[in-house]
Amino acid sequence: MSANLEKPGKVAFNPSPRDWLEPNAKGTPGRWSYSAKPKALQTLDLPNPREWSPDQVDWKLPDNWKEIILHGLKERLDKYRSLRLFMDACVRCGACADKCHFYIGTGDPKNMPVLRAELLRSVYRGEMTMAGRLLGLLVGGRRLTPEVLKEWFYYFYQCTECRRCSVFCPFGIDQAEITMLGRELLNLVGLNINWVLDPAAKCFMTGNHLGITPHAFKANMDFFVDSIEEVTGVRLDVPINKKGADVLFVAPSGDLVAEPGVYTLMGYLLMLHQSGLNYTWSTYASEGGNFGLFASQELMKRLNAKIYAEARRLGVKWILGGECGHMWRVVHQYMDTMNGPADFLQEPVSPITGTRFTNARSTRMVHVAEFTADLIHHGKLKLAPARNDRYRVTFHDSCNPARSMGLLEEPRYILKNVCSHFYEMPAETIREKTFCCGCGAGLGNEECMDLRMRGGIPRAQAVRSVREKHGVNLLSCMCAIDRAVLPTLMEYWVPEVGVAGLHELVGNALVLEGEKERTTNLRGEPLEGGEA
Amino acid sequence: MKAVAPLLAVVGLALAGWLGAGLSGAGLLFGLLLPYGAALTFLAGITWRILSWARAPVPFNITTTCGQQYSLPWIRSDRLGNPHTRWGVAGRLTLEILSFRSLLRNVRHEWVDDAGGAAPRLVFRASLGLWFGALVFHYSLLVVLLRHARFFLDPTPGCLNGLEWLDSFFRVGAMPVFLSGITLLAGALFLLLRRIWTPWLRYLSLPADFFPLYLLLGIALTGCMMRYSSRVDVDAVKHFCLGLVRLHPAAPAGIGPLLYVHLTLVCVLFAYLPFSKLVHMAGLPLSPTRNLLGASRMARHENPWNYPVKVHSYEEYEDEYRDKMKAAGIPVEKDS
């Protein structure tokens, strides 16, 4: 573990002795991500592909980089009311300051959302407003210099776009929006990080972030079918690229390869099988997540286009989506606008319960938690929650389903039905006030480990409190990035607590028709004898 | 330094008003140029500003959802925190404007030592000082502004008399004291002191954060002084103000230099407002994280500048993997 953090510790406000308007053009080790490889940029036709590294002095920018950035800023001010408003309306009241997990974990004032935004705002004032051009620093205006640009890179890639600050802002100023547009500007001159662009390039070519080819996709599914048969005695049929299915199922690809996500995927398979839904997976639209969201709206759109295109090709009626955080930001708030209208699909209706998902009547994509909660509510799933009795469970709301969707009760309803011991973390750390895992928006890489472990402090502390109070030993979640990164965070801060997706617990509790007597859960652990 | 320079600027402006009162052209300057100039700058500036926001499109629905979505009929949705109707949005904005609802959520984080000697704990404590201070400050400002309307309206509407009666409910001796004036001073002072005393807030603050507070403090102070110590001739003030409104301006006569100071600061405030963070008041109703529907899968949001992008089509994908797909038993569109 490379986190140079003395554990345990109190993190204090830790400003630079200099004024914040002086750019901090040197990154802190462990808090910046490696640059994107030129190959990824070439695959995606992005500008300025080259070998470079943030720890070198020369970032190999194009000669007219300043012109490109300022022109890009002006263009975005004309295209986004949000940006224009967020540049003008902030009163720097400070309500957002300690709502950011990265500020709480690092004490670095430039991780306060207000100052992260000011990094861009100061250039807006200094280059685009009369007062700023005339009076400069006196009115908080800065000129765009290479140092300022470097500072943008460091701090826009220390934000997970979790939107917690925007809940507390009296004007709804959303740092995620500023970070997203700031990253778009950086992308214009080739300042990208590899953990975003490498998956994005793979997703563009193979349909998923991990670069899983169609035959490998099939092989993985076969493996899951075998594993499920071992546990349940039932052999499932997993339809892939099947025309004539009613529903296309799209999930984050991370769950195809890594623990504990694979158990979540097995949970989907079990639930979909038992529900009797006529559905199909797709190898072409084999990614619900969208790392384009972390680079630019255009890249987001290019990756997202596959979902509707594949739904049209396969002739399904509507789309069902798996457990993934930022995927649902894209589906709920961008997909229909970018790649719709989905007039070739039908308003989603569950063929099992007859429920019309009127809340998805335009986008025509339903969240699997909505679908499963509806099944349970109508008594369509037989459940044996005691099979999860080795777990004392709490639930981590992922940022995007919470703050860009409001999917709060459905997962809780499911949890209360599939396990016997469920405990909430403190109110300030759940639902719309949930704390980020500290690794979203492309920051879940190895080189950012110091930042990740620090940014995860608020979540880890909340888990610790229910661990001590209720003996919680499982942190459930509804996001593939969570499943990939929370185990590391737990291991570092609260080592006794494991991580599982919602549908893993569904899969454990679900009584299949014709199943054998289960002696283990999906992980192969004995049903009895868990820590309680 | 960031807190001192704007103080000097406001003191300088006040002095200019004080000294200017004695100049021979004072009537022209304070009775005509300054008020009309400020009013025009304010109107033009705020119109330009709001238009510049309103003209920019809202390409995406980026609502911040602060509560349960509208989904299944048996799950109760949060109609204000995550509205799925226009009425809900109106309610959300109204509460935000009238009660500063988002600030009401404010907490501050704190590290506390564990009693049992375990690692320190991160806790959150309610922190409503900012909410309360801001509410007192803004409502006081509103009442003070409304009370001043009596100077510009003849006859004075009854509701303003009622407001004054309420506002002057408390008396010091026989003299009625306007509560709003006192609370405005207290509110502005609170906002100023928290900015100076809180280390992280002081660090992030700009001169532009202190300047309007000093300006408002100066305005409120001179206002209170005119009312309670120098006891200006209210009728003369009204005569002057009505002259401005009726476009028959006359120099303020026999009122004293304090009015000139007050007037100068007010004019600077109005002229400064559209070009500063003070425009925040106009921004809230336009804020896309607050004024759009939370249920964005229900109705399509149009992006006026949506444009076609380069994608990797299924055909290209199948061409690349066809043989392997066939070998794995995955259906394909074309055999070769």
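Here is a short chat about a helix, a sheet and a chain contact in a predicted model.

In this predicted model, local features need pLDDT of at least 70 and side-chain atom pairs pLDDT 80 or more, while totals for chains, interfaces and linings use all residues. Residues are numbered from 1 along each chain as its sequence is written, with chains lettered from A and ligands numbered from 1 in the order in which they are written.

Trainee: Is α9(A) largely enclosed or left open by the rest of the structure, and how many of its residues are buried?

Mentor: Helices are DSSP runs of H or I, at least four residues, and strands are runs of E, at least two, numbered from the N terminus. Buried means 20 or more other C-beta atoms, placed from the backbone, within 10 Å of the residue's own. The rest of the structure largely encloses α9(A), because its buried residues number 13 of the 14.

Trainee: Which helix gives the most to the side of chain A that touches chain B?

Mentor: Residues are in contact if their C-beta atoms, placed from the backbone, lie within 7 Å. The contact takes 93 residues from chain A and 82 residues from chain B. On the chain A side, seven residues come from the top contributor, helix α13 (residues 297–314).

Trainee: In β3(A), which residue is the bridge partner of Leu248(A)?

Mentor: Strands β1 (residues 247–250) and β3 (residues 318–321) of chain A pair in the parallel sense over four bridges. The partner of Leu248(A) in β3(A) is Ile319(A).

Terms used
A residue is buried if 20 or more other C-beta atoms lie within 10 Å of its own, exposed if 12 or fewer, and partly exposed in between; C-beta atoms are placed from the backbone. Two residues are in contact if their C-beta atoms, placed from the backbone, lie within 7 Å. Two strands pair if DSSP finds at least two bridges between them.
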